[in-house]
Amino acid sequence: MTDKTLTRMDLSEAIFREVGLSRNDAAQLVESVLDHMSDALVNGEHVKISSFGTFSVRDKTARVGRNPKTGEEVPINPRRVLTFRPSHLMKDRVAAGNKS
């Protein structure tokens, strides 16, 4: 397994090579898509990308947690968390990649 991370620059470079947009236009396109996704999630909407997966925000309620080291009870405040659920096609593709 490699430690490579796919970055915004990598995405814009791929768009530059495959679509033929200028590097600046490709970078602006990537930023625009990410901004739209972020705005939708902030507004509580789901972001579904067909054959990839669904991003959504969940509201978690307050609860009492426990420090595993000391056993002391610690209150955990309510919060919003981002979740991702991959599509079946993505799951299958990742699983097939593990076999090779």
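Helix 2 provides the largest share of the lining of the largest pocket, with five residues. This pocket belongs to a predicted model, and about 250 Å³ of space lies within it. Rolling a probe the size of a water molecule over the atoms shows where empty space is left. Around the space found here stand Leu 6, Leu 11, Ala 14, Ile 15, Leu 29, Val 30, Val 33, Leu 34 and Met 37.

Ser 12 sits in helix 1. The side of the buried limit on which this serine falls is clear, because its relative accessible area is 5% and buried means under 20%. Once neighbours within four places in sequence are set aside, the contacts of Ser 12 are Ala 26, Ala 27 and Val 30. Val 30 is also one of the residues that line the largest pocket.

The model holds five salt bridges in total, among them one between the side chains of Arg 8 and Glu 31, with a nitrogen-to-oxygen distance of 3.5 Å. This pair joins distant parts of the chain, as Arg 8 belongs to helix 1 and Glu 31 to helix 2, 23 residues apart. Both partners are partly exposed: Arg 8 has a relative accessibility of 47%, and Glu 31 has one of 31%.

Another salt bridge is formed by the side chains of Glu 13 and Arg 23, at 3.0 Å from N to O. Because Glu 13 is in helix 1 and Arg 23 is in helix 2, this bridge ties together parts that lie 10 residues apart in sequence. Glu 13 is partly exposed at a relative accessible area of 22%, and Arg 23 is likewise partly exposed, at 48%.

Arg 80 pairs with Asp 59, and their closest N and O atoms are 3.5 Å apart. Since Arg 80 lies in strand 5 (residues 79–86) and Asp 59 in strand 2 (residues 53–60), the pair ties together parts 21 residues apart in sequence. The two partners fall into separate classes of accessibility: Arg 80 is partly exposed at 47%, whereas Asp 59 is exposed at 62%.

Ser 51 is found in the loop between strand 1 (47–49) and strand 2. Most residues other than glycine have a negative phi. In Ser 51, however, phi is near 65°, a positive value in a residue that is not glycine. Ser 51 is partly exposed, with a relative accessibility of 41%.

Ala 62 lies in the loop between strand 2 and strand 3 (63–66). Apart from neighbours within four places in sequence, Ala 62 is in contact with Ile 76, Asn 77 and Pro 78. The C-alpha atoms of Ala 62 and Val 47 are 26 Å apart in space, and the two residues are separated by 15 residues in sequence.

With these details in place, the overall arrangement can be set out. The protein has three helices and five strands, and along the sequence they follow the pattern α-α-β-β-β-β-β-α. The fold is more spread out than a compact globule, because its radius of gyration is 19 Å, well over the 13 Å that the globule rule gives for 100 residues. Taken along the principal axes, the C-alpha atoms fill a box of roughly 60 × 40 × 25 Å. Of the 100 residues, 14% count as buried, and Ser 12 is one of the buried residues. Among contacts between residues at least 6 apart in sequence, 32% join residues at least 24 apart.

Notes. Residues numbered from 1 in each chain as written. Predicted model: local features only at pLDDT ≥ 70, side-chain atom pairs only at ≥ 80, totals over all residues. Heavy atoms only, no water. 1 Å grid on protein atoms, 1.4 Å probe; cavity = no way out; pocket = protein on both sides within 12 Å on 5 of 7 lines; lining within 4 Å. Points joined across faces, edges and corners; volume = space filled by probe spheres on them. Helix = DSSP H or I, 4+ residues; strand = E, 2+ residues; numbered from the N terminus. Salt bridge = Lys/Arg side-chain N within 4 Å of Asp/Glu carboxyl O. Buried < 20%, exposed > 50% of the residue type's maximum accessible area, 1.4 Å probe, protein only. Contact = heavy atoms within 4.5 Å. Rg over C-alpha atoms; globule rule 2.2 N^0.38 Å.
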